[in-house]
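Good morning, and thank you for coming. Please look at the structure on the screen while I describe its chains, their folds and the way they meet.

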Amino acid sequence: MGRTIVEKIFSSHIGGDVHAGDVVMAPVDRVMIHDITGPLAIEKFHEMGAIKVFAKDRVVMLFDHQVPADSIPAATNQKNMRKFALEQGILNYDIREGVCHQVLVEKGFARPGEIIIGADSHTCMYGACGSFATGIGSTDMGFALKFGALYFRVPETIKIQGEGKFPDRVTPKDLILSIIGEIGADGATYKAVEFTGVAFSDMDMSGRMTCCNMAIEMGAKSGIVPPDSTTWRYIKERKPDIKEFSLSSDDDGIFCNSIEFDVSTLEPKVAVPHNVDNVVPVSKVAGTPVDQVFIGSCTNGRFEDFREAIEVLGNNSFSDKVRVIIIPSSKEEYLKTLRAGYIEKFVLAGALVEAPCCGPCMGGAFGLLAPGETSLSTSNRNFKGRQGSTEAMVYLCSASTAAASAIKGEITDPREI
Amino acid sequence: MRVWKFGDNIDTDAIIPGRFLIYNDPKELALHAFEGTRDEFAKKVSPGDIIVGGKNFGCGSSREHAPLAIIGSGVKYVIAESFARIFYRNSINTGLLPLVCTDASTIPDGAQLQLQLENNRFIVEGNNYRTEPVPDFLRTISEAGGLVPYARKLERVI
């Protein structure tokens, strides 16, 4: 009986042949905690009677949601986490590196065939590296910190076959928004999503991260791109000693659904308030005035996104009517963007460029919206109240569409700039 | 048991907005449960009340603050047509029981609901409803009172 890539990853960890639907206790290769879900995870770890984490070199801690601390409770949470990291001898990047998912991937902590869990729903992004990665809650994380393992129901897999070449100024973000629009916000609940086909094998790692990152927005447990030469090159730049191996679904592996997308006919897309699966072509909402544009987050805060924005920006300036907030997702991405001269261009065009962090994405820190305001954001969620007031509107889009709209002061098709 | 009825795709930002995730205490979180979405909830909810949702209840982030805010309100059960995966699991882990009922959308807000857990059913205004049984491995955790009491008894798992 053939197996999917996810069934193979679980089988290798269990040391047996497992299939979708099996409930297994699987060892985890790495775990990640941050400043929002970490404090509760540590509390649960102690409540479970644990003293030492299962393996101190397999735990990564960092702070990204509320950095630098913007309130006394946030500062206290971070202080307590620092103390835990010191006691346990675990790696703590603190506020220095950026958004958790970007940092884990770029530091080489997500490798093909691994099982990685993070106390954050967008942990599924590491599937871009060929890992099975999923987001969990704090109590599950407390359990994993204690035992180095967790219960999993091995998921069925939906195959997304991407064909064709992207037209100009149409990006992986437009593709993943289209996929979510078709599958729906709960269409992949409990399932894994495997992204295959030429559209994905031609895609750079940044685009793959964008797609895997948003798998949760259709309810999926994980998104995964089978590792290929692009993946291994990226991993080897970070972990030169790693040995390459092949990992993919069998031809006779069983998929619960298979959907094809031709990207060559794709248009720029926008997810309109207040659900991520409310996806329409940009042209349908073009002309909608915007108050704030945010280019950043683990979804689209990489050098490649900023390069897209710079190409659209050209010699234009951002509209005075719009607050443009640009936040690279990590120190590495920040430096690449800085060295390319893009930061200076953004600042001169009228943007506010912030240090790596989650920024307005979660609505917990700065860049909040007032009632009646509209934000266009390259992040991953447009839920009511996500970026401030529940009477504000959040639209999601690519960096190209965000830049075009920031120039015009209204939602704009990037192909028209 | 009064029903607090919500619609489809109630996300974790609606249950507890991001700006309150600096708090970890269920009682503190409960003060802000559904703030901006349904302000009367935190003010009027009574211990023993039940939340009823539509499809994909609890979608979005992994924040365990969402089930904790509900628990802090004195609510012990959430009934919905379907649940988002992480919320469902977080609920079981923290001692909030999520019950799947495919007819949940027909239950009116403010109704009185009688739960008969042992029969996997409940009654609203004389009508019988069935809930799907909780999967076996999660029921073990639920019956232990959540993942913390379950894990306290274990030395190792692999």
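I begin with the make-up of chain A, which has 15 helices and 18 strands. Please keep in mind throughout that this is a predicted model.

On overall dimensions, the C-alpha atoms of chain A fill a box of roughly 60 × 50 × 40 Å along the principal axes. Is the radius of gyration of chain A what a compact globule would lead us to expect, or what is it instead? For 417 residues, a compact globule would have a value near 22 Å, and the 20 Å of chain A agrees with that.

Next, the domains. The domain assignment divides chain A into domain 1, covering 5-242 + 250-262, and domain 2, covering 269-416. The centres of domain 1 of chain A and domain 2 of chain A, taken over C-alpha atoms, are separated by 24 Å. Where these two domains of chain A touch, 32 residues of domain 1 are in contact with 34 residues of domain 2. On the domain 1 side of that contact, α4 (100-106), α6 (172-183) and α8 (205-213) of chain A each supply at least two residues. Which element gives the largest share of that side? The answer is α6(A), with six residues. Sorted by class, the side of domain 1 of chain A that touches domain 2 of chain A holds eight nonpolar, 13 polar and eleven charged residues.

I turn now to some local features of the backbone in chain A. Between V67(A) and P68(A) the peptide bond is cis, with omega at about -20 degrees. P68(A) lies in the loop between β3 (59-61) and α3 (72-88) of chain A. A cis peptide bond also runs from P273(A) to H274(A), and its omega is near -5 degrees. H274(A) belongs to the loop between β12 (269-271) and β13 (279-281) of chain A. A further point concerns D94(A), a residue other than glycine whose phi is positive, near 55 degrees. D94(A) sits in the loop between β4 (91-92) and α4 of chain A.

Let me now consider how two helices of chain A pack. In chain A, the axes of α2(A) and α5(A) come within 7 Å and cross at roughly 55 degrees. The two helices α2(A) and α5(A) are therefore oblique to each other. The crossing of α2(A) past α5(A) is right-handed. Which residues meet there? From α2(A) they are L40(A), A41(A), K44(A) and F45(A), and from α5(A) they are S138(A), T139(A), M141(A), G142(A), L145(A) and K146(A). By class, this contact of α2(A) with α5(A) comprises five nonpolar, three polar and two charged residues.

We come to chain B. Its secondary structure amounts to seven helices and seven strands. Along the sequence, these elements of chain B follow the pattern β-α-α-α-β-α-β-α-β-β-β-β-α-α. The radius of gyration of chain B is 15 Å, close to the 15 Å that the globule rule gives for 158 residues, so chain B is as compact as a globular protein of that length. The C-alpha trace of chain B spans about 45 × 40 × 25 Å along its principal axes.

Helix α4 (residues 65-72) of chain B packs with helix α5 (residues 85-94) of chain B at an angle of about 50 degrees, and their axes are 9 Å apart. That angle makes α4(B) oblique to α5(B). The crossing of α4(B) and α5(B) is right-handed. Contributing to the contact are A66(B), P67(B), L68(B) and I71(B) of α4(B), together with F87(B), N90(B), S91(B) and T94(B) of α5(B). Of the residues in this contact between α4(B) and α5(B), five are nonpolar, three are polar and none is charged.

Finally, the contact between the chains. It takes 46 residues from chain A and 37 residues from chain B. On the chain A side, the elements giving two or more residues are β1 (23-27), α2 (38-47), α3, α5 (138-147) and β7 (149-153) of chain A. The largest share of that side, six residues, comes from α5(A), the helix whose axis crosses that of α2(A). The side of chain A that touches chain B divides into 19 nonpolar, 16 polar and eleven charged residues.

Note on methods
Residues are numbered from 1 along each chain as its sequence is written. Chains are lettered from A and ligands numbered from 1 in the order in which they are written. This is a predicted model: local features need pLDDT of at least 70, side-chain atom pairs count only at pLDDT 80 or more; totals for chains, interfaces and linings use all residues. Domain bounds come from an automatic or database domain assignment. Two residues are in contact if their C-beta atoms, placed from the backbone, lie within 7 Å. Helices (H or I, at least four residues) and strands (E, at least two) are DSSP runs, numbered from the N terminus. Ala, Val, Leu, Ile, Met, Phe, Trp, Tyr, Cys and Pro count as nonpolar, Asp, Glu, Lys and Arg as charged, and the others, Gly among them, as polar. Axes are lines fitted to C-alpha atoms, for helices over the stretch in contact, and angles run from 0 to 180 degrees between N-to-C directions. Angles under 35 degrees count as roughly parallel, over 145 as roughly antiparallel, 65 to 115 as roughly perpendicular and the rest as oblique. A crossing is left-handed if the near helix is turned anticlockwise from the far one by less than a right angle, and right-handed if clockwise. The radius of gyration is taken over C-alpha atoms; the globule rule is 2.2 Å times the number of residues to the power 0.38.
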